[in-house]
Amino acid sequence: MLSDLEPVPVRATATITEAGAYRFRKKDPIDVRVSRVGGRVALGFLHELGHLLDHQVYYDRKTRTWASAAHLAFAQWRAAAAQLERRPLPGGRHRQRYFQSTHEVWARCYAQTVLLRSSAPVLEGQLARLQADNDPHVWPAEQFDRVAVEVERVFERLGLTQLTLPLAA
């Protein structure tokens, strides 16, 4: 599938307040920022890439709705993700609501799926360490397998895969 998306700059930062950020203006991406501090470069980059994909597939400027919350291709993912344990992250009620928003859960699911399906021992090892540490940014493997399949199916439904995906049943 061809895309009219121009290259999006990726900028390394040294911030300790966030692992990354996807910045945009209206429908146009500005950049993806990833902190090289804190040992979460891969997870932070993949999380922000998940936001970029979500925003570029669909964005309603009036309601600020992204694809993960409204697009039909994400419906089965939304149903599977709704069954995931709510992972409390540091911060108050506002921060908890933000991290439970559909587009944040999508970005976390996308990042975890890429780490899980990467076939790269370094990335798979990072995911295994995060899960062993019960990190709130990822879900335990036994909870997440079904959701990973639905993340992959989103891309199939959108026609964004070039290869047949080895989906688990």
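Modeller: The model is predicted, so local features need pLDDT of at least 70 and side-chain atom pairs count only at pLDDT 80 or more, while totals for chains, interfaces and linings use all residues. Residues are numbered from 1 along each chain as its sequence is written, and side-chain values use heavy atoms, with hydrogens and water left out.

Colleague: What is the average pLDDT of the protein chain?

Modeller: The average is 90, and 92% of the residues score at least 70. pLDDT is the predictor's confidence in each residue, from 0 to 100. Helices here are DSSP runs of H or I with at least four residues, strands are E runs of at least two, and both are numbered from the N terminus. Where pLDDT is low, the predicted coordinates should not be read in detail.

Colleague: Why is Tyr-22 called buried?

Modeller: Buried means under 20% relative accessible area, exposed over 50%, and partly exposed in between (1.4 Å probe, protein chains only). Tyr-22 has 10% relative accessibility, so Tyr-22 counts as buried. Phe-24 has 29%, so Phe-24 is partly exposed.

Colleague: What makes Tyr-22 and Phe-24 an aromatic pair that is stacked?

Modeller: Rings of Phe, Tyr and Trp (its six-membered ring) pair if their centres lie within 6.5 Å; planes under 30 degrees apart count as stacked, over 60 as edge-to-face and the rest as tilted. By this rule the count comes to 13 aromatic pairs. Tyr-22 and Phe-24 sit 5.5 Å centre to centre, with 20 degrees between the planes. That makes the pair stacked.

Colleague: Why is the pair of Phe-74 and Trp-106 edge-to-face?

Modeller: Their ring centres are 4.8 Å apart and their planes are at 70 degrees, so the pair is edge-to-face. The pair links distant parts of the chain, 32 residues apart. Phe-74 is in the loop between helix 2 (67-70) and helix 3 (75-81), and Trp-106 is in helix 5 (residues 102-117). Both residues are buried.

Colleague: How do you know that the length of helix 7 agrees with its 17 residues?

Modeller: The expected span is 1.5 Å times one less than the number of residues. For the 17 residues of helix 7 that gives 24 Å; the end C-alpha atoms are 24 Å apart, so the two agree. Helix 1 (residues 41-57) also has 17 residues and reaches 24 Å, close to the 24 Å expected. Helix 6 (residues 121-132) has 12 residues and reaches 16 Å, close to the 16 Å expected.

Colleague: Why are helix 5 and helix 7 called roughly perpendicular?

Modeller: Two packed helices are described by the angle between their axes and the distance between the axes. Axes are lines fitted to C-alpha atoms, for helices over the stretch in contact, and angles run from 0 to 180 degrees between N-to-C directions. Angles under 35 degrees count as roughly parallel, over 145 as roughly antiparallel, 65 to 115 as roughly perpendicular and the rest as oblique. The axes of helix 5 and helix 7 (residues 141-157) come within 9 Å and cross at roughly 95 degrees. They are therefore roughly perpendicular. The contact (heavy atoms within 4.5 Å) includes Trp-106, Cys-109 and Tyr-110 of helix 5 and Phe-144, Val-151 and Phe-155 of helix 7.

Colleague: What do the buried residues of helix 7 pack against?

Modeller: They pack against helix 1, helix 3 and helix 5. Among these buried residues are Phe-144, Val-147 and Phe-155. For helix 6, the buried residues are Gly-125, Leu-127 and Leu-130, and their cover includes helix 1 and helix 5.

Colleague: Why is Phe-99 called buried?

Modeller: Its relative accessible area is 11%, so Phe-99 is buried. Phe-99 lies in helix 4. Not counting residues up to four places away in sequence, Phe-99 touches Leu-89, Glu-104, Val-105 and Arg-108.

Colleague: What is the phi of Ser-119?

Modeller: Phi of Ser-119 is near 60 degrees, a positive value in a residue other than glycine. Most residues other than glycine have a negative phi. Ser-119 sits in the loop between helix 5 and helix 6. With a relative accessible area of 63%, Ser-119 is exposed. Lys-26 also has a positive phi, near 60 degrees, in the loop between strand 2 (20-25) and strand 3 (28-35).
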